[in-house]
Amino acid sequence: MATAAFGAGPFAPAAGQPGSTAISMDDPRLVGWATDISLQRGYLDISQPMLGLVDYGAAENALGKAQGNSMDVVSLGDGGVATLRFGRAIRDGDGPDFAVFENSFSDTYLELAFVEVSSDGTNFVRFDAVSLTPTDTQKGAFDPLDPTDIHNLAGKYRQGYGTPFDLAELAGSPELDIDHISHIRVLDAVGSLDDAYATYDSQAHKVNDPWSSPFASGGFDLDAVGVLHQAPEPGSVVLLATAAASFAWAMRRRRRAGKDGSAKAG
Ligand SMILES: [Ca+2]
Ligand SMILES: [Ca+2]
Ligand SMILES: [Ca+2]
């Protein structure tokens, strides 16, 4: 198979190019950020577990607003997992509902991660990721990827620009309420083409990304997760329901009072 021209893939191009879906960390639609994280670091090199785990960056670096730099991140390592929580649940609104920010310093040095969501912290549903990066040659530690070959994998865009995710795509998933997402999980795509370590997209392609990268900052580097559509606060739903109920009660009273009045007048 001939190698397609760079930028000729079917998916959105790099940040700043026409048709890009990248979301700037300063986009005014971002109304919230992750407030809590639990972290399971991955290996420096999953094929050499004796080397240990990555340790770059504190877990808290993934909380709050994205910084868009290379330092204020937490590295996941091969197969590492970060689970984020939010002060308010996330809901499905028009278009993208949240965005995941990585720390790539260029449009083509891309380390990728799968993204899953949950409404209860137990049942997680993964977005259908697609990686059309050819799998004939392993991408080495600093080899470029073509963002137009990548869809629904976090890390598609350079630092300061989030990869968007649309909860509408997960409508109908069992055990998931797309209008009440409480947890987002970011899972490093190992990137190895070796059958023993490979991770696969939703179409059974091996995800080929820079590997191995046995550095303290190996694997996906999470800067932040930003929210575009928040669910109403639980308190405000109760208040709204209470207000509606007392309004209905007042109307009934008024109608009854009106009837009584007319009866007397008659
Ligand atoms: Ca949506
Ligand atoms: Ca990294
Ligand atoms: Ca950060």
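Read along the sequence, the protein chain goes β-β-β-β-β-β-β-β-β-β-β-β-α. That comes to 1 helix and 12 strands, where helices (H or I, at least four residues) and strands (E, at least two) are DSSP runs numbered from the N terminus. The radius of gyration of the chain is 23 Å, well over the 18 Å that the globule rule gives for 266 residues, so the chain is more spread out than a compact globule. That radius is taken over C-alpha atoms, and the rule is 2.2 Å times the number of residues to the power 0.38.

Some housekeeping. This is a predicted model, in which local features need pLDDT of at least 70 and side-chain atom pairs count only at pLDDT 80 or more, while totals for chains, interfaces and linings use all residues. Residues are numbered from 1 along each chain as its sequence is written, and chains are lettered from A and ligands numbered from 1 in the order in which they are written.

Now the overall layout. Along its principal axes the C-alpha trace spans about 95 × 40 × 35 Å. The domain assignment, with bounds from an automatic or database source, gives domain 1 (23–231) and domain 2 (233–266). The C-alpha centres of domain 1 and domain 2 lie 50 Å apart.

How much of the chain is buried? Of the 266 residues, 42% count as buried, meaning that 20 or more other C-beta atoms lie within 10 Å of the residue's own; exposed is 12 or fewer, partly exposed is in between, and C-beta atoms are placed from the backbone.

Next, the core. A nonpolar core is a set of buried Ala, Val, Leu, Ile, Met, Phe, Trp, Tyr and Cys residues joined through C-beta atoms within 7 Å. The largest one has 54 residues, and L112, A113 and V186 touch the most other members. Strands that each supply at least two residues of this core include β2 (32–40), β4 (81–90) and β12 (221–227). β4 gives the most, with 5 residues.

On contacts, two residues count if their C-beta atoms, placed from the backbone, lie within 7 Å. Leaving out residues up to four places away in sequence, A113 touches L76, L153, A154, G155, V186, L187, D188, A189 and F220. Among contacts between residues at least 6 apart in sequence, 78% join residues at least 24 apart.

Last, strand pairing, which requires that DSSP finds at least two bridges between the strands. β2 runs antiparallel to β4, with 6 bridges; here S38 stands opposite T83 in β4. β2 also runs antiparallel to β12, with 2 bridges, and W33 has G226 in β12 as its bridge partner.
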